[in-house]
Amino acid sequence: MTSAHTDAMPVTVRVPAKVNLELLVGPLREDGYHSLSTVFQAVSLHDDVTVAEADEFGCTVTGPLAMGVPATKDNLAVRAAMLLAERAGIETAVHLTIRKDIPVAGGMAGGSADAAAALVGCDRLWGLGLAKDELESAAAEIGSDVPFLISGGTAVGSGRGERLAPALARGKFHWVFGLGSQGLSTPAVYAECDRLRGDGPVAEPSPSPELMAALRSGDPRELAPHLRNDLQAAAISLRPGLADVLAAGVEYGALGGIVSGSGPTVAFLVEGKEAGLDLAIALTASGVVGDVRRASGPVHGAHVIPAPVD
Ligand code: C5P
């Protein structure tokens, strides 16, 4: 057993949200997951997770979006910290303070992001010095999206989403996110996708060359027509109002719109910062969405930042 440092200073980690530019859902596997081919992009909406030594594992969730996030050992971030402690033979516990700015249950991987931040924070606090692939292997045990939130940038995910390869993307893309007022359950959306597909065979997916070429061009106009999410029909089936949100965004000037992950957040790609501001104003005024956020990507994955000043 390795004892943890007893006087280690708390560590704060900033972690981004993600959007799937392409989410191709393959067949249901024997382990209950679907094989995926997805292209992730990390975007500039962040949670900050502070990791401090404590007598027992636990967390506090703060910020306007904290409601509905479990502040117990069921929180994915706490489970991630406990898993790393077990793997590394660390005997002391940590308390996590999670400042949430990533929409909850919105398809932007907020819970997975906090877990990624907890792994990076604990690694630093405990002085483990784990390599990125070791952290990503622990991350994959916690959830399919967690490894990507450690790596950030733009990446192709395969397997159940946890196997990553970097994607070549030029420039910066600007996004506007329309948030729903009520979350959607990821397993329910996958189950609805299966139901809508019926019993026919489903092919193993692979990234579309058109999307990869559009990413290399750095041109949002080229990228927009190639955004695709196989979970979109299922999310709309469970939440029909999402079709109106998608239509409104395009009517108000988005280059393209897509349900983000398993929804209900809708991601709109725009020409640039100005266009994003115009769209955010129009969407807010229209009342079709609960809230609107602007962001750009790609950004870095989970990384240690100086302690926040409250
Ligand atoms: O991996 P994670 O715990 O985030 O996945 C949440 C749920 O989403 C899984 O329990 C499963 O129902 C569904 N899922 C899936 N196929 C994937 C990823 C997630 O069916 N590749």
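A residue is called buried here when its relative accessible area is under 20%. By that cut-off Arg 293, at 17%, counts as buried. The structure shown in these close-up views is a predicted model.

View 1. Arg 293 is found in strand E11. Apart from neighbours within four places in sequence, Arg 293 is in contact with Leu 45, Leu 65, Asp 101, Trp 175, Val 176, Phe 177 and Leu 179. With Asp 101, the contact is a polar one between the two side chains, at 3.0 Å. The two residues form a salt bridge, with 3.0 Å between the closest N and O atoms. Because Asp 101 lies in the loop between E4 and H2 while Arg 293 lies in strand E11 (residues 291-297), the pair ties together parts that are 192 residues apart in sequence. Asp 101 has a relative accessibility of 31% and therefore counts as partly exposed. The view also includes Ser 44, which is 249 residues from Arg 293 along the chain, with 10 Å between the C-alpha atoms.

**View 2. Asp 47 in strand E2.** Asp 47 is found in strand E2 (residues 34-54). With a relative accessibility of 0%, Asp 47 counts as buried. Leaving aside neighbours within four places in sequence, the residues in contact with Asp 47 are Val 13, Arg 14, Val 15, Ile 98, Arg 99, Lys 100, Asp 101, Ile 102, Gly 110 and Asp 114. A polar atom of the Asp 47 side chain lies 2.9 Å from the backbone nitrogen of Ile 102.

**View 3. Helix H1 and the elements around it.** Helix H1 spans residues 76-88 and has 13 residues. From the first C-alpha to the last, H1 reaches 18 Å, close to the 18 Å expected at 1.5 Å a residue. At the start of the helix, a side-chain oxygen of Asn 75 reaches to within 2.8 Å of the backbone nitrogen of Ala 77. Ala 77, Val 78, Ala 80, Ala 81, Leu 83, Leu 84 and Ala 85 are buried. An α-helix has 3.6 residues a turn, so residues three or four places apart point the same way. Gly 89 follows H1 and has a positive phi, near 70°.

**View 4. Salt bridges elsewhere in the model.** The model contains 10 salt bridges. Side chains of opposite charge can pair when their charged atoms come close. One of the salt bridges joins Asp 31 to Arg 29, with the closest N and O atoms 2.7 Å apart. Asp 31 is partly exposed at 44% relative accessibility, and Arg 29 is partly exposed at 27%. Another salt bridge brings together the side chains of Asp 230 and Arg 197, at 3.5 Å from N to O. Asp 230 lies in the loop between strand E8 (228-229) and helix H8 (232-238), and Arg 197 lies in helix H5 (residues 186-197), so this pair ties together parts that are 33 residues apart in sequence. Asp 230 is buried, with a relative accessible area of 17%, whereas Arg 197 is partly exposed, with 31%. Salt bridges that share partners also join Asp 47, Lys 100 and Asp 114 into one network.

View 5. The residues around the ligand are Gly 32, Tyr 33, His 34, Leu 36, Gly 143, Ser 144, Arg 160, Thr 186, Pro 187 and Tyr 190. Arg 160 takes part through the backbone, one of whose polar atoms is 3.0 Å from a nitrogen atom of the ligand. Taken alone, the ligand exposes 460 Å², and the protein buries 76% of that.

View 6. Ser 185 is placed in the loop between strand E7 (173-179) and H5. Its relative accessible area is 37%, so Ser 185 is partly exposed. Ser 185 and Gly 256 are 71 residues apart in sequence, and their C-alpha atoms are 24 Å apart in space.

Definitions and conventions
Residues are numbered from 1 along each chain as its sequence is written. This is a predicted model: local features need pLDDT of at least 70, side-chain atom pairs count only at pLDDT 80 or more; totals for chains, interfaces and linings use all residues. Side-chain values use heavy atoms; hydrogens and water are left out. Helices (H or I, at least four residues) and strands (E, at least two) are DSSP runs, numbered from the N terminus. The expected span of a helix is 1.5 Å times one less than its number of residues. Buried means under 20% relative accessible area, exposed over 50%, partly exposed in between (1.4 Å probe, protein chains only). A polar contact is a pair of N or O atoms within 3.5 Å; within protein, one must be able to donate a hydrogen and the other to accept it, and residues adjacent in sequence count only if both atoms are side-chain atoms. A salt bridge is a side-chain nitrogen of Lys or Arg within 4 Å of a carboxyl oxygen of Asp or Glu. A residue is near a molecule or strand if one of its heavy atoms lies within 4 Å of it. Accessible areas come from the Shrake-Rupley method with a 1.4 Å probe; for residues, only the protein chains shown count as cover. Contact means heavy atoms within 4.5 Å.
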